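I opened my notebook to get to know a new structure.

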Amino acid sequence: MNIKLSAQNLNISFGQKQVLKNINVAFAENEITALIGPSGCGKSTLLRSFNRMHDLSPDAKISGNLKLEDLDLYDKTVPVTEIRKRIGMVFQKANPFPKSIYENIAYGLKINNLPHGIDVIEKALREAFLWEEVKNDLKMPATRLSGGQQQRLCIARAVALRPEVILMDEPCSALDPVSTLKIEELIMHLKKKYTITIVTHNMQQAQRIADKTVFLYLGEVKEEGPTSQIFNNPKEEMTMNYIKGSFG
Amino acid sequence: MQRKKFKLSSAVEWGTLLLSTGLVCFFLIVILLEIIMKGSGSLSWNFIADIPREGMTKGGILTPIIGTVLLTMLTALFSIPFGVCCAIYLNEYAENNWLTRIIRAAIRNLSGVPSIIYGLFGLALFVQALQFGTSMLAAGMTLGLLSLPYIITTTEEALMRIPASMREAALAVGATKFETIKDVVIPSAMPGILTGVVLTLSRAAGETAPILFTGAAFYINGVGGAVNNEFMALPYHLYMLSTQHQSIEEVRPIAYGTALVLIIVVFLMNLTAFYIRYKYRKNEY
C-alpha cells in the first residue's frame with residue numbers, strides 16, 4: 001500500500017495554545033481515512049495543515065514533517081498554490097463562489113492555466129453526480145442550488161483540478177440525511193481515483209465509508225487502525241467510550 | 001394590576017418611539033415641502049439649460065450645475081482609487097497590530113473633522129504650496145481628501161462582511177492571495193463598496209465650506225468647465241444668492257430653484273446607491 005500523505009512529529013500551536021502534539025499519521029493511496037474525535041481535539045487543524053490553510057493565521061506555529069509522497073509540503077521553494085492544486089479541499093459549509101455554476105468550476109481551472117471548456121466542466125460535474133441536475137442551468141447563480149447540490153458543486157470544483165488528495169472537513173454536517181447519503185455514495189466512488197481524508201462527527205458515516213479511522217483526543221492520536229477494528233474492537237477504553245457516545 | 005402596569009409602560013415606550021419618529025419625519029417633510037413649493041415655480045427647461053444672466057437675476061443655473069457635476073467627478077477621481085486601495089490594504093494585507101489600529105482610528109477621526117478645516121488645508125496645500133491657484137482642480141482635491149475617510153471606512157466594512165469561507169474557497173483551488181481578493185472578495189463586496197462611494201460623493205457634491213477658499217467663484221462668465229479655473233457650484237451659488245447678492249429678495253425664487261435642483265441631484269445619487277444594492281441583492285451575487 002502506497003503512502004500518499006503523511007505527517008511526522010507534527011506540532012501545531014496558535015499563540016500560547018498547543019493544538020496538536022507530536023502527531024504521526026499516514027494516509028494510504030486510494031483509501032478513505034476518517035478523522036474522529038470530540039470537538040476541539042484538533043482534527044480540523046490536522047486536516048488543514050496538509051493544504052497549508054494555516055498560512056492565513058499569523059500566530060500559527062507548525063513544526064514537523066508533512067509530506068505528499070516525497071514532496072515536503074512546507075518546502076519554501078514549492079509554491080503554496082501548487083500544493084493546494086494537488087491537495088483539494090471541501091469545507092464544512094458549502095462555499096460556492098458568488099458566480100454561476102459554470103464559473104464555479106471554471107475559476108480554479110482558469111487561474112491554474114488549465115483548459116476550461118464545457119467538456120472539462122461537464123466531466124467534473126458528472127464525477128460529482130451533479131451534471132444531470134444542472135446541465136440546463138449552468139449560467140444560474142450557484143447560490144440558488146440546494147445545500148446538498150452546493151456541496152456536490154464544491155466537490156466538483158475540487159475534482160476539476162485533478163488533485164491527488166481531497167481533504168473533507170465535515171462535508172455533510174449541514175445537510176439532511178438524503179443529501180448526506182448521496183455525498184457518501186459520491187465519496188465512495190471518488191476513492192477509486194483520489195486519496196480522501198475526511199473529518200466527521202458522525203460515527204455511522206465513518207463506519208459506512210472509511211477504510212481507516214484515526215481517533216484524536218486533546219491534540220494527540222489516541223488510536224488508529226482499520227475502521228472495523230476501531231469500531232468493533234478498540235484497544236483503548238477512551239476510544240470505546242467516544243464511539244459509544246459517552247462523551248464528545 | 002401587574003398586567004395593567006406592564007401595558008401602560010409599554011404604551012409609554014411605544015408612544016415615545018413613535019413620537020420621535022414622527023418628529024423627525026415632520027421636519028424632513030416640512031423642509032422638503034417648503035423647498036418644493038417655493039422652488040418648483042422657477043424650475044423650467046430654461047432654468048437648467050441657461051447660464052445666469054443680468055447679475056444672476058435672470059437666466060438659469062447651467063454654470064453651477066456643470067461646475068458641481070465636474071467637481072464631483074474630480075472628487076471621485078481623487079478619492080475612489082486611493083480610498084478603495086487603502087481599505088483593501090488595511091483589511092486584507094496589513095497585520096492587525098498597534099500601528100494599523102492607530103491608522104484606523106486616525107482615519108475614523110478624520111471623518112469627524114469639520115469641513116471648513118479641510119477648506120483651509122486645501123487652501124494652504126493645493127492653492128498656495130502646490131500653486132494650483134483657486135481652481136476646480138484644487139477644490140476637487142480638497143473634496144477628495146474630505147471623502148477619503150468615508151470611502152475607506154465603508155469599503156473596509158464591505159470587505160469585512162465577506163466571510164472567511166469565501167476566501168478559503170478560492171485559496172483551496174490554488175488562487176494566490178491577490179487573485180482571491182481580485183476575483184472573489186472584491187466582486188462580493190462590490191455592492192457595499194459602490195453604495196458607500198455613491199453616498200460619499202453625494203455628500204461631497206453638497207459641501208460648501210471646502211470649496212469656499214479653494215475655487216468656487218461668486219460668478220463666472222459663460223458655462224465654465226475648465227479644471228484650471230474658478231468655477232460656480234450649486235451649494236455655493238445657493239449660499240451666495242441667499243446671503244451675498246445685492247438684491248436678495250429679487251433672486252429668492254432662483255435661490256429656492258437652486259436648492260431644489262441640488263436636492264434632486266443628491267436624491268438621484270442616493271437613488272443610484274439604492275438601485276445598486278437592490279440589483280445585487282436580487283441576483284444573490
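Here are my entries, each on one thing I looked up.

**Ground rules.** I am working with a predicted model, where local features need pLDDT of at least 70 and side-chain atom pairs count only at pLDDT 80 or more, while totals for chains, interfaces and linings use all residues. Residues are numbered from 1 along each chain as its sequence is written, and chains are lettered from A and ligands numbered from 1 in the order in which they are written.

**Helix α4 of chain A.** I looked up this helix, residues 118-127; helices (H or I, at least four residues) and strands (E, at least two) are DSSP runs, numbered from the N terminus. I found A:Ile121, A:Ala124 and A:Leu125 to be its buried residues. A residue is buried if 20 or more other C-beta atoms lie within 10 Å of its own, exposed if 12 or fewer, and partly exposed in between, with C-beta atoms placed from the backbone. Down the axis of α4(A), the buried residues fall within an arc of 95 degrees, so they line one face of the helix; the arc is that of the directions from the helix axis to the C-beta atoms. An α-helix has 3.6 residues a turn, so residues three or four places apart point the same way. Their cover includes α3 (101-111), α5 (131-134) and α6 (147-159) of chain A. Just after α4(A), I noted a positive phi of about 55 degrees at A:Phe129.

**A proline in a loop.** I found A:Pro38 in the loop between β3 (32-36) and α1 (43-50) of chain A. A:Pro38 is partly exposed, with 14 other C-beta atoms within 10 Å. From A:Pro38 to A:Ile118 I count 80 residues in sequence and 43 Å in space, C-alpha to C-alpha.

**Where the chains touch.** I see 19 residues of chain B in contact with 22 residues of chain A; contact needs C-beta atoms, placed from the backbone, within 7 Å. On the chain B side, α7 (164-172) and α8 (177-205) each supply at least two residues. The largest share, 6 residues, comes from α7(B).

**Domains of chain B.** I have domain 1 (2-39) and domain 2 (47-284), with bounds from an automatic or database domain assignment. Their centres, taken over C-alpha atoms, are 32 Å apart. The contact takes 4 residues from domain 1 and 5 residues from domain 2.

**Helix α10 of chain B.** Which residues are buried in α10(B)? I listed B:Leu234, B:Pro235, B:Tyr236, B:His237, B:Leu238, B:Met240 and B:Leu241. That is 7 of the 10 residues of the helix (residues 234-243), so α10(B) is largely enclosed by the rest of the structure.

Terms used. Two residues are in contact if their C-beta atoms, placed from the backbone, lie within 7 Å.
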